[in-house]
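Please keep the sequence and the structure in view while reading.

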Amino acid sequence: MNSDPTRGGIPERGAEPPSYLREGTTVRSWLTTTDHKRIGILYALAITFFFALGAVAAALIRAELVTPSGDFLTNDEYNQAFTLHGIVMVWFFLVPSIPATLGNFLLPMMIGAKDVAFPRLNLMSWYVFMAGGLLALFAILAGGVDTGWTFYTPFSTLYSNSHVLLAALGVFVVGFSSIATGVNFIATVHLLRARGMTWMRLPLFVWAMYTTSLVMVLATPVLAMSLLLVVAERAFGLPIFDPRSGGDPLLFQHLFWFYSHPAVYIMVLPAFGVVSEIITCEARRRIFGYQFMVYAMVVIAVIGFMVWGHHMFVSGQSAFASMVFSFLSFVIAVPSAIKVFNWTGTLYRGQIRFSAPMLYALGFIGLFTIGGLTGLFLASVPLDVHLTDTYFVVAHFHYIMVGGSVSAFFGGLHFWWPKITGRLYSERLAQFAAISMFFGFNFTFFPQFIMGTMGMPRRYHDYPPEFQPWHVMSSVGALVLGFGYLWPIFYLGWSLFRGERAPANPHGATGLEWQTRSPPPKDNFDRLLVVDQEPYLYHPKESTPDEVEQAHAKQKP
Amino acid sequence: MAEDLVLHEPFEEAARQRIAVPFGVWSFLATECLFFGGILLFYAYARWHGGEAFTQGAKEAAVWYGTINTAVLMTSSLTMAIAERATKGGFRVVARWMLGGTLMLGLSFLVIKGFEYRKDVHEHLIPGPGFKFGQGPAAQFWAFYWTATVTHAIHVTIGLGIIARLLWIERRGDLLLHATSAQGGALYWHLVDIVWVVLYPLLYLVGRP
Amino acid sequence: MTHEERREIVLAPLIVWAGLFVLLGLTWGYAYIPGASAKVIVSLTIALAKGALIVAFFMQLRRADGLTRLAALAGIVWASFLFLFTFADFLTR
Ligand SMILES: [Cu+2]
């Protein structure tokens, strides 16, 4: 299966076999498509735009923070910049990033289906996404929002003079596209698996999409309601969280974090899936402890709903509740640690290729581990009292969401690029991008842990001069990181037009998506698929000694 | 039973496609449960925290309008249930009349609600300047009242849109082939009914007599 | 329409509908009994009973496959997380 007959045998142009890209090339054919692969690409274009927008805001923030005094942006402009950065990056980039692009493209192919269960709903979800995006854009153009991405009341409802309503509506609307994608994926995995594709034969990426979808479907409606209540209070003066009528602003925080903590898992579960696919293929190993990987994701998706109060330790939440939330936050670290352990176990005695996707995936493991461990600091109440609202928190969640999810997204993008576009990219240039992203990321965010513990608060652009060296380091790192993001545009863009044609299975991977042409035909497969083996059979079961043959090894004391 | 279902693209077997729509709609209804769960949490907090003052505000709700509307909506659920079963059984005429009946009952619900809103406005029951009770838990009750009922009314309106579409499909003559659409629409309509059934005691039966 | 079909399509829903009206009368009546105890609990229980009737019979969850039931159940279970943990805070302040 690894030796591919088409490798190198494809003529340049002309005799190109039909693919999903050839089924109509007009703009109209793209905007009315119900092909999951094309919808994935529509999403990719949209989120690339929003990623750029969020990155510009980040650049403004880092530029402002080079000097201790606020000389580049005014107070209001700074507030708007970090709010814009947060809202755009969370809801318009990170949440849809892997599921809506790679997920849309790959999920049906990985289970041997022609499409998702509800193709028209899938297209609709993209339009809903764009509508929400336009509302948010409009809020930015109209003058911005200054509440932070969290929309905390009573500031957002009673005091802020910025365009909270528009932004909240934008996020409200975009939530429905998440829900639609989630429902679609869940139904797809349940109903459209190919013959023989049992639950325990699903690639971990499919499990990741499935658990992510569960979280999307069950968390997003509560966000919708909390924003609706903000709109009701702000636009119509209905006293909901207003303390003067007996309301409790903490009620808003409970509702908001009921979504927004699980949202972290919406961002990071897909990354788990991508990394599992890359590591197995590039280490030529079966995944270590497949079932534990599956259960870990399911447990994370469920317990993830019961830890949200760790965002509220200093808010006036009861000590009892803080204790419960703190305990559960420690509990959820266990399945995450199992995953890191199992990826490492997969590498053991593997034949590792340090290709670009693999570099991204290895970077993910390191950064996610740091992000996860610092999360434990914040889950412990006494430490959190010291660290709340400092740069330590900022660094922590960027390690998870940027170091983790974005690394994985780039890794997945490179890994499946030949399948999606039918072209190869320059491995050397891509490795360079992966490495600069890793170093740029650490230069940017590691100093923030240190300033955080020293007491540098987040969301201030005017700070005591002793923090300046750390901020300068961070801003310089952001330049490197920015390069790491921009560089792929050049070689991937070049590959799109001039790249060598990709064979069906350039990495010699085992997934079903590699058993069809690159780029795939409109119906994904030319023949009906029957699955008769577990995933990741990169080496025959009996080929290695027992102690390496981890999954089936006898336990030795 | 009509077995000749239109097979849509990704599905290769009718049996799976037949599960798909109810499963998809039920998943969506689960999200609705959490959506309304959010506002019910606000109600639970306000009622628990507001105590007697909250009840005082709730006494102003127009119980007659509420009760009649509950009856109307429950009856519309009946006609919808019959319409859905008739579609599945292949009885076009029954299905058409029952869908029409559901549409009419749904519209009546909105009209009655409109009259109730007019009465509420006349009695200064909108929190804000000129509100009957001033700031306090009573205002919270009315904040809940307006947010919840308007959100529900929007759901009713969407439901009416779905029913209108089903009627249009019926006019075109192929409702029987769209039995799964009818089923999905019916599920949604029943959910809208359930939401109202839950809101009814919370809005209208607090602190009676 | 055969006798069998009439029972299935018209009569069964009608019985459920009648049940709903009886429950509506009950909940309305109980709320007006002066000094009756546990009014909140009774009215909510009746609302849940009505909801259960609609879910089981009108929406035919009684006959649905396990998968669909699971989807329906998930909404309730997850909403209970929301209530449970939020009130774990409110009730222990
Ligand atoms: Cu959290």
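Which residue takes a positive phi just after α4(A)? In this model, which is predicted, the residue that follows α4(A) with a positive phi is A:G143, at about 140°.

## Helix α4 of chain A

Helix α4 of chain A covers residues 119–142, 24 residues in total, and it reaches 35 Å from its first C-alpha to its last, which is close to the 34 Å expected at 1.5 Å a residue.

## The interface of chain A and chain B

Chain A brings 39 residues to its contact with chain B, and chain B brings 32 residues in return. Between them the two chains bury about 3000 Å², with carbon and sulfur atoms accounting for 72% of that area. Across this interface there are zero salt bridges, while four residue pairs are in polar contact, both residues being at pLDDT 80 or more.

On the side of chain A that touches chain B, α6, α7 (204–236) and α8 (249–283) of chain A each supply at least two residues, and the largest share, nine residues, comes from α7(A). Sorted by class, this side of chain A has 27 nonpolar, five polar and seven charged residues.

## The interface of chain B and chain C

The contact between chain B and chain C takes 47 residues from chain B and 46 residues from chain C. The area buried between these two chains is about 4000 Å², and 81% of it is given by carbon and sulfur atoms. The count of salt bridges between chain B and chain C is zero, whereas three residue pairs, both residues at pLDDT 80 or more, are found in polar contact across the interface.

Three helices of chain B, α1 (14–50), α3 (63–89) and α6 (179–204), each supply at least two residues of the side that touches chain C. Of that side, α1(B) provides the largest share, with 17 residues, and the composition by class is 33 nonpolar, eight polar and six charged residues.

Notes. Residues are numbered from 1 along each chain as its sequence is written. Chains are lettered from A and ligands numbered from 1 in the order in which they are written. This is a predicted model: local features need pLDDT of at least 70, side-chain atom pairs count only at pLDDT 80 or more; totals for chains, interfaces and linings use all residues. Side-chain values use heavy atoms; hydrogens and water are left out. Contact means heavy atoms within 4.5 Å. Buried area is the accessible area (1.4 Å probe) that two parts lose on being put together, summed over both. A salt bridge is a side-chain nitrogen of Lys or Arg within 4 Å of a carboxyl oxygen of Asp or Glu. A polar contact is a pair of N or O atoms within 3.5 Å; within protein, one must be able to donate a hydrogen and the other to accept it, and residues adjacent in sequence count only if both atoms are side-chain atoms. Helices (H or I, at least four residues) and strands (E, at least two) are DSSP runs, numbered from the N terminus. Ala, Val, Leu, Ile, Met, Phe, Trp, Tyr, Cys and Pro count as nonpolar, Asp, Glu, Lys and Arg as charged, and the others, Gly among them, as polar. The expected span of a helix is 1.5 Å times one less than its number of residues.
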